[in-house]
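Let's take a look inside a protein chain together. Have the sequence and the 3D view ready as you read.

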Amino acid sequence: MTGSLIDVVPQPRIDTLVTDAATGLQRRRTEYSGTVWFGGRPQVTSYGTLTRTAFASIESPFFLPDSLPYRPDPLEDALIVVSVAIQGAEDKAHQILEYRAGLEPDPRNPAVCWMQLQVIARSMVPLAVSYRVDALVAMNAILTEAGAG
């Protein structure tokens, strides 16, 4: 969506330590979930919801606001799993064509990667899409707070 509003509402992030069944090594599993609104959120009033609908071609990737900072060098064996679902739409004219998530370099600092999600859809907006992204990475893949800057 060019020149449009993308509003991400994350749920609490879940971080766990797991054992990789294939290698027996400890790995870090982080679950990101929430809702992303394309085209802005409807205004809720005492009379109902107010929306201004328009057809949109949605393609813009965005970084998850609660993403942990990742080091780019130990990510070659990272496993990223993503699922999305339409959570709310004004009418039936919507279609999710493709979606993907990955750890992408920060455009301002390539020494840090962040979780990025992209939904490709054709829909009336506003459109609410729920997402869940699971990242399984090496124990040393996460930057500390001091190393993130």
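## The nonpolar core

A nonpolar core is a set of buried Ala, Val, Leu, Ile, Met, Phe, Trp, Tyr and Cys residues joined through side-chain atoms within 4.5 Å. Buried means under 20% relative accessible area, with a 1.4 Å probe and protein chains only. This is a predicted model, where local features need pLDDT of at least 70, side-chain atom pairs count only at pLDDT 80 or more, and totals for chains, interfaces and linings use all residues. Residues are numbered from 1 along each chain as its sequence is written, and side-chain values use heavy atoms, leaving out hydrogens and water.

The largest nonpolar core has 28 residues, and those touching the most other members are Tyr32, Phe38, Leu64, Tyr70, Leu117, Tyr131 and Val133. Among the elements giving it two or more residues are strand S3 (26-38) and strand S11 (127-138); strands are DSSP runs of E, at least two residues, numbered from the N terminus.

## An aromatic pair

How many aromatic pairs does the structure hold? There is 1, counting rings of Phe, Tyr and Trp (its six-membered ring) whose centres lie within 6.5 Å. The rings of Phe38 and Phe62 sit with centres 6.3 Å apart and planes at 70°, so they're edge-to-face (planes over 60 degrees apart). Phe38 belongs to strand S3 and Phe62 to strand S7 (residues 62-63), 24 residues apart.

## Thr30

Thr30 is in strand S3 too, and is buried at 1% relative accessibility. Its side chain makes a 2.7 Å polar contact with that of Asp15 (a pair of N or O atoms within 3.5 Å, one able to donate a hydrogen and the other to accept it).

Methods
Buried means under 20% relative accessible area, exposed over 50%, partly exposed in between (1.4 Å probe, protein chains only). Helices (H or I, at least four residues) and strands (E, at least two) are DSSP runs, numbered from the N terminus. Rings of Phe, Tyr and Trp (its six-membered ring) pair if their centres lie within 6.5 Å; planes under 30 degrees apart count as stacked, over 60 as edge-to-face and the rest as tilted.
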